[in-house]
Amino acid sequence: KRLQTTVVAVVSPTDHKTLEFKPSYPGVKFLIANDFEQFKAFPEISKTAAVLWIPPGDVTVLDQLWDYVKGSAQWVHSFFAGVDRLTDFTKKHLVGSDIPLTNGRGAFSSSLAEYAMAAILHYNKQIPRIQSNTAQGKWDKFVMNVVKGKTLGLIGFGHIAQATARLAKPFGIKIVAVRRSPEKGTCSGLADQVVGFDKRLDVFSTADFVVSVLPGTKETKNFCGKEEFEAMKSTGVFINIGRGITVDEAALCQALNEQKIAGAALDVFWEEPLPSKSPLWGCKNLLITAHNADFTEDYAQLGWKVWEDNLKTFLSGAAEDQMATPVHKKDGY
């Protein structure tokens, strides 16, 4: 069992809205700062048992803090599911140790899955055409598409992808998943087919909708690029709700402007906020959202719930792999 009083150092701007919803958990004391000198001023800092990073908390402060508390700290949690910004920190301080790194995996999957389905239906039902007809007062009795019988290619098959599959299945959509370790299977038949990374072009070429939910790692950088977009159907739609670095944005923009694919939706980007000079803003048939597909009214509460689930296992003395949402530190997700 852990000590009765658990000191948690929270690397976060002190005015972050998420902090308004932090739980009053018995025996837990939060030390909140986004500056190393402020952390050192806390009398209890030497007793830190856990560290919580809430973006946009300063990662350099996290690095300094760990050097200061590594003698007592036994757990690190990322409020976000994506931990790519912690890659250097993890390699330097956590890889090779039994100190668990956990993340917000699962907290926001439902909303992201809804976003993917909204984008799929937006293009399938030709919403832009409907809006144009309405604005012009044009009676256009076009043939309405259906998603039943179509194929959804999921690039990555983690929690978000599985949530997306669960929404898509009742529509009669076939699910084909690309995952790093295809031997992990179909998630009890949730996917109709699972293939490895080496077969991804087959999925891009046969899917009507491709949804990327890949984590941001060295292996997945520009994973969805020119070759993948050229393989897609001219009627295909590409959606990214994973990490921005997994998509070659120039190649996607070219595919859209040359009408090699029918449309796309992006919620994540290489650079955020997306610069006003980015060519993406001028791309044809592209939906852009400001990395807010998971920014729901209960966003903070959902994130804290996952943290609490991990806290409970941590306080019980659970091993690293028994935490609620453990991150594979070497793989980065």
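Strand S6 (residues 151-155) and strand S7 pair in the parallel sense over 5 bridges, where two strands count as paired if DSSP finds at least two bridges between them. On the way from S6 to S7 the chain passes through helix H6 (residues 159-168), and this β-α-β crossover is right-handed. The term right-handed means that, with the strands pointing away from the viewer, the path from the first strand over the helix to the second runs clockwise. Helices (H or I, at least four residues) and strands (E, at least two) are DSSP runs, numbered from the N terminus.

Before going on, a word about what you are looking at. This is a predicted model, in which local features need pLDDT of at least 70 and side-chain atom pairs count only at pLDDT 80 or more, while totals for chains, interfaces and linings use all residues. Residues are numbered from 1 along each chain as its sequence is written, and side-chain values use heavy atoms, with hydrogens and water left out.

**Around S7**

S7 (residues 174-178) is mostly covered, with 4 of its 5 residues buried; buried means under 20% relative accessible area, exposed over 50%, and partly exposed in between (1.4 Å probe, protein chains only). S7 also pairs with strand S8 (residues 193-195) in the parallel sense, over 3 bridges. There, Val176 stands opposite Gln193.

**Around S10**

What covers the picture for strand S10 (residues 237-240)? Both of its faces are covered: Val237 and Ile239 on one side, and Phe238 and Asn240 on the other, are all buried. In a regular strand the side chains alternate between the two faces of the sheet. The chain reaches S10 from S9 through helix H8 (residues 226-231), in a right-handed β-α-β crossover. It then leaves S10 for S11 through helix H9 (residues 249-257), and this crossover is right-handed too.

| Strands | Bridges | Facing residues |
|---|---|---|
| S9 (residues 209-212) and S10 | 4 bridges | Val210 and Phe238 |
| S10 and S11 (residues 263-266) | 4 bridges | Val237 and Gly263 |
| S3 (residues 48-53) and S4 (residues 76-78) | 3 bridges | Leu52 and His77 |

**The open sheet of S1 to S5**

In which order do the strands of the open sheet lie? The order of its 5 strands is S2-S1-S3-S4-S5, with parallel pairing. Strand S2 (28-33) and strand S5 (101-102) are the edge strands, each pairing on one side only.

Two helices lie across this sheet. Helix H2 (residues 59-69) lies across strand S1 (6-11), S3 and S4, running at about 170 degrees to S3. Helix H10 (residues 299-315) lies across S1, S2, S3, S4 and S5, at about 125 degrees to S2. These angles run from 0 to 180 degrees between N-to-C directions, with axes as lines fitted to C-alpha atoms, for helices over the stretch in contact; contact means heavy atoms within 4.5 Å.

**The whole chain**

Stepping back, the protein chain has 10 helices and 12 strands. Its C-alpha atoms fill a box of roughly 70 × 45 × 30 Å, taken along the principal axes. With 333 residues, a compact globule would have a radius of gyration near 20 Å, and the chain's 22 Å agrees with that; the radius is taken over C-alpha atoms, and the globule rule is 2.2 Å times the number of residues to the power 0.38. Of the 333 residues, 51% count as buried.
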